[in-house]
Amino acid sequence: MPAAPLFRDVPFPLAASAEMLFRGLPILDRVNRLKDLGFLVEIWDWTKHDIKALAGTGATFSSMTGYVTGTLADDAGADELIRTARQSVPVAKELGIPRLNLHGTGLDGKGLPVQPCEVVTGAMWLKARDTLNRVADLGEEAGVTFVLENLNLPVDHPGTPFARAEDTLALVASVDRPSLRLMLDLYHAQIGEGNLIELCRRALPFIGEIQVADVPGRCEPFTGEINYPAIARALREMGYSGVVGLEGFASGDDELALERFREAFTVPALVAA
């Protein structure tokens, strides 16, 4: 008789945001704690950090914000986005960061759009696609991947153009180049759209990384309404093996939050007998 299949628990590559966890510590201490706990590390605005000191931690970084200022859908804003994206590339190279994150427009310190927009016109869609093609050119030239993140309008980012996951997926799919992918944030998608497993299935060919947090509260898995173990199983069955990042706060103890995150995204995988 053939040997019975063997299973072992296999986690996805897991990252965690140094901007949102261990917030009582200086940033270098946060990065070191995440590294020591076995996580990849995500950061936001690189202009606020000592890049050489971050590199000196020896941490493996997963993503960072890939621009400083700029927008997707107007001429001056697009030129500014490309200019600051180009400035961001050497920083990403120094830290070994493969994915540089973008949004539909620049966000202020409270996460609000610097250029709010209530109605996105057809001309804006065409301009955004043109800008993202320029971004993809830069990514190919530099050997990095830019990722366009979906946000949510009702709670965190009202007035942000191209915020819904459907919007970001449509834009990335219309460009359809390996140097431009999705940063698919399931916390934002649950607030804005729901139907997360089917969203992941449709977006799968274009996903560069997945970010998670529970709803409501934007904390770790098992604190809200999203069944992240079911999503993890579905992602494994779809064949997704990329990074999953905890882009959320700790509901209490930071290490417990990270344990819950790891638990939610550790699923059985079939191995040879």
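A polar contact is a pair of N or O atoms within 3.5 Å; within protein, one atom must be able to donate a hydrogen and the other to accept it, and residues adjacent in sequence count only if both atoms are side-chain atoms. Hello everyone, keep that in mind for later.

This is a predicted model, where local features need pLDDT of at least 70, side-chain atom pairs count only at pLDDT 80 or more, and totals for chains, interfaces and linings use all residues. Residues are numbered from 1 along each chain as its sequence is written, and side-chain values use heavy atoms, with hydrogens and water left out.

Let's begin with helix α9, residues 254-264. Helices here are DSSP runs of H or I with at least four residues, strands are runs of E with at least two, and both are numbered from the N terminus. What caps the N-terminal end of α9? Asp-253 does, with a side-chain oxygen 3.1 Å from the backbone nitrogen of Glu-255.

Within α9, Asp-254, Ala-257, Leu-258, Phe-261 and Ala-264 are buried. They sit on the same side of α9 because they cover an arc of only 125° around the axis. That arc is taken from the directions from the helix axis to the C-beta atoms. As for the cut-offs, buried means under 20% relative accessible area, exposed over 50%, and partly exposed in between, using a 1.4 Å probe and protein chains only.

Now to a pair of helices. The axes of α3 and α4 (residues 122-142) come within 10 Å and cross at roughly 20°, which makes α3 roughly parallel to α4. Axes are lines fitted to C-alpha atoms, for helices over the stretch in contact, and angles run from 0 to 180 degrees between N-to-C directions. Under 35 degrees counts as roughly parallel, over 145 as roughly antiparallel, 65 to 115 as roughly perpendicular, and the rest as oblique.

On α3 (residues 75-95) we also find Pro-90. Pro-90 is partly exposed, at 49% relative accessible area.

Next, α4 meets α5 (residues 165-175) at about 60°, with the axes 9 Å apart. These two helices are therefore oblique to each other.

Finally, the loops. Phe-162, in the loop between β6 (145-149) and α5, has a positive phi of about 55° although it is not a glycine. Is Phe-162 buried or exposed? Phe-162 is buried, at 3% relative accessible area.

Pro-216 lies in the loop between β8 (207-212) and α8 (228-238), and a cis peptide bond joins Val-215 to Pro-216, with omega about -5°.
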